[in-house]
Amino acid sequence: LVLSAAGCARGVAADSAHPSILLVSLDTFRADRLGAFGHSRGLTPNLDAFAAESVVFEHAYAQANITSMSHGSVFTSRYPSELGAPGPTFRLDATTPTLAGVLKLYGYATAAFTAGGHLAPGWGLERGFDTFTASPPMGSFWHTIPPALQWLDAHAAATPFFLLVHSYDAHAPYLDPAPYGLAWVDP
């Protein structure tokens, strides 16, 4: 699931020609479990509030079931079959333009705070980012949001930005500590 908020910022001025872009990537998260997409359990109040103020792509589909290839498609607007062989040998070709690289040409500051794994440096997805960090493999928003907020607070207000924040919170082992992991257990 990817949520995008264009033009939103903590004290960052963005003009209409160059709005700042925040891309939040929740690895393996199902959109139909969000209240913003009609789910009634109320499990995601903060994401629902964020979605209410954001650009939400209601008909977006993952192009691959592998994180690196799926994000490669998001960052290049190309199908995974055009990007390279799937699996542990996948690397984004060094000549393929990326969203971060193009935005950088237009004066954007670019930063990514990923949860490691298949979005760690080395897959080629870090190209074009001024700052690209990865938490320990299969990291959480606990790992990525604090440094992203620090980067955002230190960011120059006059420059638009492209900021990626990624998490594996919904990924394996699929059972979080209580009470979160018990949300779907029949009492």
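Predicted model: local features only at pLDDT ≥ 70, side-chain atom pairs only at ≥ 80, totals over all residues.

Tutor: The largest nonpolar core has 18 residues, and those with the most contacts inside it are Phe75, Phe90, Leu125, Phe129, Phe162 and Leu164. A nonpolar core here is a set of buried Ala, Val, Leu, Ile, Met, Phe, Trp, Tyr and Cys residues joined through side-chain atoms within 4.5 Å. Buried means under 20% relative accessible area, exposed over 50%, and partly exposed in between, with a 1.4 Å probe and protein chains only.

Student: Which elements give two or more residues to this core?
Tutor: Helix 2 (67-76), helix 4 (99-105) and strand 5 (161-167). Helices (H or I, at least four residues) and strands (E, at least two) are DSSP runs, numbered from the N terminus.

Student: OK, aromatics. How many aromatic pairs are there?
Tutor: Four. Rings of Phe, Tyr and Trp (its six-membered ring) pair if their centres lie within 6.5 Å; planes under 30 degrees apart count as stacked, over 60 as edge-to-face and the rest as tilted. Phe129 and Phe132 make a tilted pair, 5.6 Å centre to centre with 55° between the planes.

Student: And how does Phe129 pair with Phe162?
Tutor: That pair is stacked, at 5.7 Å centre to centre and 25° between the planes. It links distant parts of the chain: Phe129 is in the loop between strand 3 (109-114) and strand 4 (131-134), Phe162 is in strand 5, and they are 33 residues apart. Phe75, Phe129, Phe132 and Phe162 form one aromatic cluster.

Student: Why does Phe162 count as buried?
Tutor: Because its relative accessibility is 1%. Phe129 is buried too, with a relative accessible area of 9%.

Student: Switching to Val165. Where is it, and what is it in contact with beyond four places in sequence?
Tutor: Val165 is in strand 5. Its contacts (heavy atoms within 4.5 Å), leaving aside neighbours within four places, include Leu22, Phe113, Phe141 and Ala148. Thr144 is also a contact of Val165; the two are 21 residues apart in sequence and 6.4 Å apart in space, C-alpha to C-alpha.

Student: Last one: is Ala60 buried or exposed?
Tutor: Exposed, with a relative accessible area of 56%. Ala60 sits in the loop between helix 1 (45-52) and helix 2.

Methods: Residues numbered from 1 in each chain as written. Heavy atoms only, no water.
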